[in-house]
Every structure is written in C-alpha cells, then in structure tokens.
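Here is a friendly tour of a protein with its ligand, written for someone who likes cut-offs stated openly. Please have the sequence and the 3D view at hand as you read.

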Amino acid sequence: MRHVMTLALFTLLPWASPSQDEATPSAQRAVLVTGANSGIGRTTTELLAKSGFFVYAGARKDEDLAELNKIANVQAIRLDVTKQDQIDAAVETVRAAGRGLYGLINNAGVAVVGPLIELREQDLAFQFDVNVFGPYRVTKAFAPMLIDSKGRVATTGSISGTVSWAMGGAYSMSKFAVEAYTDALAAELAPFGVGVSVVDPGSYKSEIMTNTRQRMLDAGYTGKGSRYERQIQSMLEAPWDRSEFDEPDDVAQAFLAVLTAKEPRRRVMVVPDREEAEITIRAALQRVAQLNENQPHAFDRETLIRMLDEAMAGE
Ligand SMILES: NC(=O)c1ccc[n+]([C@@H]2O[C@H](COP(=O)([O-])OP(=O)(O)OC[C@H]3O[C@@H](n4cnc5c(N)ncnc54)[C@H](OP(=O)(O)O)[C@@H]3O)[C@@H](O)[C@H]2O)c1
C-alpha cells in the first residue's frame, strides 16, 4: 500500500508544489475539509495547506477554530454538518472570498457502537445524520461552486463500508451508504467534469472512539441488562484511545492524490497492514460469491475470473 501511495505522488500536478504556490498565489486552489480539527481531517488539512492549497477548515468549537487559524493557508469555518444554517453560512463565506471552491473533503464523522436489536433509534439517526446526511447536505450546498471549477469531491469512507462487524452495525451501515452515495454522485457529476472519490481508511490514530466512549458514558450506557452485557462491558473496559495505531499520514496523502491526479481514483483503500487489506478484499469477494451462488443466471468460475480481470483493467 505504501508503494501505491508513493506512486500516487508522481501524479501531482506541478501547480501543487509549495514553491509554485508562493510564486502564483492567485492560482491557489481552495478546498473545504469538514471535521478538520482532529484525526484524519487535521492531518489532511495540514498536508493540503503545505502542498499549495488554500484550506477552509470546518470545525465546531471556538478553541478548534482558533487553533486551525494558526496554520498558514488555512481559514477556519464554523461548520457542523448537521446544521443547515451553518452550511449556508459557510457557502456565503467561501463565495465572498472569491477563490471559488475546487475541492470538498467530506471527512466529519462519528461512530456509534452497540447491538442492532437494542440500539436506540435516535442513536442510529445520529450516526446517519453526521456520516451520511452530512456529506449529502454539504456537497449539495457547494455543488454549484464545484461544478464551476470542474473540481473534486472526496468523502472519508472506511473499510467498514465493505466489512460489517458485530457491534459496529450502525457505523458500517453509514459507511456502506457512503459507498453508494459516491458511485451515484460520480455518475451524476461526471457530465460536469467533477471527479468523485471515496477514501477508505483502515485503523489510524484519531479521537473517534474516545468520543464514542464518552457519548456512551454521558448517556449512562453500561450495557447492564443487555443480551450482550458481557461483550459491551468488556468493550467499555478496553482501551479506546487508538494510540497504538499510526498517524493518518497515508490517508492525507490519498486525499492529496485524488485532488491532484488527472483522473482521480473512485475508491482508495488506505490500510496500515496486509491483514486489514485481506479482511476487506475477502469481504468484497464473499459478497460476489454470495450474490452469484445458486441463482439461475450464475456465472462459472472462468467467467468470474474474466470479469475480475476486466474490472482490474478498469473496464
Ligand atoms: N481513524 C480511523 O481509523 C478511521 C478509519 C476509517 C474511517 N474513519 C473516518 O474518518 C473520518 C474522521 O474521523 P477520525 O477517525 O479522524 O476521528 P476524529 O478524530 O474523532 O475526527 C472526527 C472529526 O469529525 C468532526 N465531527 C463530528 N461530528 C461533526 C458534526 N456534526 N459536524 C462537523 N464535524 C463533526 C469532529 O469534530 P469534533 O471534534 O467537534 O467532534 C472531528 O473533527 C470519519 O468519517 C471516520 O468515520 C476513520
């Protein structure tokens, strides 16, 4: 994967180099990153800002906005992706600045955990409000500017958009939705010259699970009385800080690549090791085998292999 990421760097267009940017600030392209104050969003914001982009960095809290404003080539924007008034205000701020908008990175996200047969509907709605309705709302609002610039939209998906885990069903449902959203949006925006991608990370360091745990504790959720009590309690006792994982630098590089490649890739899986790659690819292949199994129009093995070869050739 690191090899692929390195190759992706060779596709950078010359204007993306920081030295060129200093020489020609008027050519600087603008990108909006949602959820820019932490984890993947923060690392991506820093990389884009030092790679020649002007970054509008979405955040919700005053202290985060102030921190982001300290980075060169970054302007923080108050943006909760569940609040239409803040989205509308962000559109006005970006429009008034006169740079247009070349790229949108729908990165803001949350993770809800818990068994599906017990999950409160409001928690599932919260999961979708941020991870699915968020990208839908923000992209819709900025679409006219992205079409004007023949720009790029990239959403942070996940390998959980291919693999669905026990206790992670709500999150996986939202990330599967992001995959579907990406394909339909790509087909709809292609005629206008806008490239659409989804970047699917595996496990990287961030605050996502600390935030999840805090929300569960705030709601007084202990799993007591649940059919899954033992699993939930051991989940709550496990470390949630993700400090054992790598910084999400490769994920940020993937966003830079889809913004700068001539032909952006539709799906970019970025995982820290072969094990996560294998889990994900096997899940995708199992789905193909299950779909094909025992139905009157089933394809034989040779045809499936030919189809795979064609898919790998981009046909
Ligand atoms: N880290 C991983 O291993 C991993 C793997 C696969 C996918 N992802 C995805 O990566 C994206 C970023 O997550 P992360 O892991 O970097 O976690 P993170 O450190 O918790 O960052 C999440 C960001 O989203 C923001 N956010 C949450 N709710 C929001 C809302 N309603 N409106 C606007 N912003 C909101 C957070 O802001 P606040 O600080 O204000 O809450 C924060 O900036 C998510 O879409 C996540 O699903 C992460």
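## The shell around the ligand

For residue classes, Ala, Val, Leu, Ile, Met, Phe, Trp, Tyr, Cys and Pro count as nonpolar, Asp, Glu, Lys and Arg as charged, and the others, Gly among them, as polar. With that scheme, the ligand's shell comprises ten nonpolar, 14 polar and six charged residues. This is a predicted model, in which local features need pLDDT of at least 70 and side-chain atom pairs count only at pLDDT 80 or more, while totals for chains, interfaces and linings use all residues. Residues are numbered from 1 along each chain as its sequence is written, and side-chain values use heavy atoms, with hydrogens and water left out.

How many residues surround the ligand? There are 30, and the closest are Asn-37, Ser-38, Tyr-171, Ser-206 and Arg-242; a residue is near a molecule if one of its heavy atoms lies within 4 Å of it.

## Polar contacts and burial of the ligand

Arg-60 places a polar side-chain atom 2.7 Å from an oxygen atom of the ligand. Asp-80 also uses a polar side-chain atom, 2.9 Å from a ligand nitrogen atom. At Gly-109 a polar backbone atom takes part, 3.3 Å from an oxygen atom of the ligand.

Taken alone, the ligand exposes 890 Å², and the protein buries 95% of that area. Accessible areas here come from the Shrake-Rupley method with a 1.4 Å probe; for residues, only the protein chains shown count as cover. Which elements give two or more residues to the shell? They are helix H3 (39-50), helix H8 (169-189) and helix H9 (208-218). Helices (H or I, at least four residues) and strands (E, at least two) are DSSP runs, numbered from the N terminus.

## Aromatic pairs

Searching the whole structure gives two aromatic pairs. In one of them, Phe-54 and Tyr-56 have ring centres 5.1 Å apart and planes at 70 degrees, so this pair is edge-to-face. The rule is that rings of Phe, Tyr and Trp (its six-membered ring) pair if their centres lie within 6.5 Å; planes under 30 degrees apart count as stacked, over 60 as edge-to-face and the rest as tilted. Phe-54 is buried at 8% relative accessibility, and Tyr-56 is buried at 0%. Buried means under 20% relative accessible area, exposed over 50%, and partly exposed in between (1.4 Å probe, protein chains only).

The rings of Phe-133 and Tyr-136 are edge-to-face because their planes are at 85 degrees, with centres 6.3 Å apart. Both residues belong to helix H7 (residues 133-148) and are three residues apart, about one turn of the helix. Phe-133 is partly exposed at 41% relative accessibility, and Tyr-136 is partly exposed at 38%.

## Charges over rings

The charged end of Arg-29 sits over the ring of Tyr-102, 4.0 Å from the ring centre. For this label, NZ of Lys or CZ of Arg must be within 6 Å of the ring centre and within 35 degrees of the ring normal.

## Positive phi and loops

Which residue other than glycine has a positive phi near 70 degrees? That is Asn-73, found in the loop between helix H4 (62-69) and strand E3 (74-78). Asn-73 is partly exposed, at 27% relative accessible area. Lys-150, also not a glycine, has a positive phi of about 45 degrees. Lys-150 lies in the loop between H7 and strand E5 (152-156) and is exposed at 52% relative accessibility.

Another loop, between strand E6 (195-201) and H9, holds Lys-205, which is partly exposed at 28% relative accessibility. Lys-205 and Ile-40 are 165 residues apart in sequence and 8.2 Å apart in space, C-alpha to C-alpha.

Methods. A polar contact is a pair of N or O atoms within 3.5 Å; within protein, one must be able to donate a hydrogen and the other to accept it, and residues adjacent in sequence count only if both atoms are side-chain atoms.
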